[in-house]
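Dear colleague,

Please find below the structure that I am handing over to you.

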Amino acid sequence: MTLAKTVADWRHVFKLDPQKQLTDSDLERICHSGTDALIVGGTDGVTFDNSVDLLARIRRYELPCVQEVSSRDAVVPGFDGYFIPMILNTTDVHWLVGIQQQAVKQFGSMIPWTDVLAEGYVVLNGESKVARMTGSRTDLRAEDVTAYAELAEHLLRLPLFYLEYSGVYGDPEVVRAATRGLSDTQLIYGGGIRTVAEAREMAAIADTIVVGNGLYDNLNEALRTVAAVKK
Ligand code: 1GP
């Protein structure tokens, strides 16, 4: 099965930040939670060492695990796949195709392209690290988001469209606006999901929801979000 087909079935994903601490028993609970997969990645402080350490610990479990690459120095062989963010609403081309071009130049023929999927990112929380770092224009209206989604699917033909509210719970109307631009491209929503009700609300709109920070702030509540999207 191709990576895209595997990912298409994911409804709920936890995103683990290699820079943050999790005990073995926390990790065990996360991996046995019933979530569909893990994404390993973060905005800053992600290194080869902390990523390889986390991957080794995750590999005790059977859960699929992809690396979301934010720094070419931190790419670790051995993940089930690699997600490559392309920030669509950045004001700096570096974050759209610049760092990616540098990575291709560095790794060239070693890149297992069949294990790589591009994510068209639209960053919407202007206060987030990712928005500041990438100079993203976050003052978008719903119709702007629809247009980015259409562009991702039809012009760039990206397999994944990621609405990133990182750190805050987003506006369901904006997430709905993204769905209006998409038919085949998979819509991933991430940002501020902490409760079952929030997970349920966003999962009713997006194809896939991602829970990140909540794991580190209130693990029990975060684990319950899995049940919100599973029958
Ligand atoms: C971050 O979209 C993910 O990249 C999840 O966001 O950390 O706010 O859950 P939170």
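**Salt bridges and their surroundings**

R59 has a relative accessibility of 34% and therefore counts as partly exposed. Please bear in mind that the model is a predicted one. The side chain of R59 takes part in a salt bridge with D80, in which the closest N and O atoms are 3.2 Å apart. D80 sits in the loop between β3 (65-68) and β4 (81-87), and R59 in the loop between α3 (48-58) and β3, so this pair ties together parts that are 21 residues apart in sequence. D80 is partly exposed as well, at 37% relative accessibility.

The general idea is simple: side chains of opposite charge can pair when their charged atoms come close.

- E173 pairs with R176, the closest N and O atoms being 2.5 Å apart. The two residues are three apart in helix α7 (residues 172-180), which means that about one helical turn separates them. Both are partly exposed: E173 has a relative accessibility of 43%, and R176 has a relative accessible area of 33%.
- D139 and R137 form a salt bridge through their side chains, with a distance of 3.3 Å from N to O. D139 is exposed, at a relative accessible area of 54%, whereas R137 is partly exposed, at 45%.
- D24, R57 and R60 are joined in a network of salt bridges.

**The ligand**

Which residues are found around the ligand? They are K15, Y162, E164, S166, G167, G190, G191, G192, V211, G212 and N213. Sorted by class, this shell holds two nonpolar, seven polar and two charged residues.

A polar side-chain atom of E164 lies 2.5 Å from a ligand oxygen. In the side chain of K15, an N or O atom is 2.8 Å from an oxygen atom of the ligand. G167 contributes a polar backbone atom, which is 2.7 Å from a ligand oxygen. On its own the ligand has 300 Å² of accessible area, and the protein covers 92% of that area.

L151, L155 and L156 make a nonpolar surface patch of about 270 Å². Of these residues, L151 belongs to helix α6 (residues 142-155). L151 is partly exposed, with a relative accessible area of 31%; a residue needs over 30% to be part of such a patch.

With kind regards

Notes: Residues numbered from 1 in each chain as written. Predicted model: local features only at pLDDT ≥ 70, side-chain atom pairs only at ≥ 80, totals over all residues. Heavy atoms only, no water. Patch = residues over 30% accessible without salt bridge, like charges linked within 9 Å, V, L, I, M, F, W, Y side chains within 5 Å. Areas by Shrake-Rupley, 256 points an atom, 1.4 Å probe, with all protein chains shown as cover. Salt bridge = Lys/Arg side-chain N within 4 Å of Asp/Glu carboxyl O. Helix = DSSP H or I, 4+ residues; strand = E, 2+ residues; numbered from the N terminus. Buried < 20%, exposed > 50% of the residue type's maximum accessible area, 1.4 Å probe, protein only. Near = heavy atom within 4 Å. Polar contact = N/O pair within 3.5 Å; in protein donor to acceptor, adjacent residues only side chain to side chain. Nonpolar A, V, L, I, M, F, W, Y, C, P; charged D, E, K, R; others polar.
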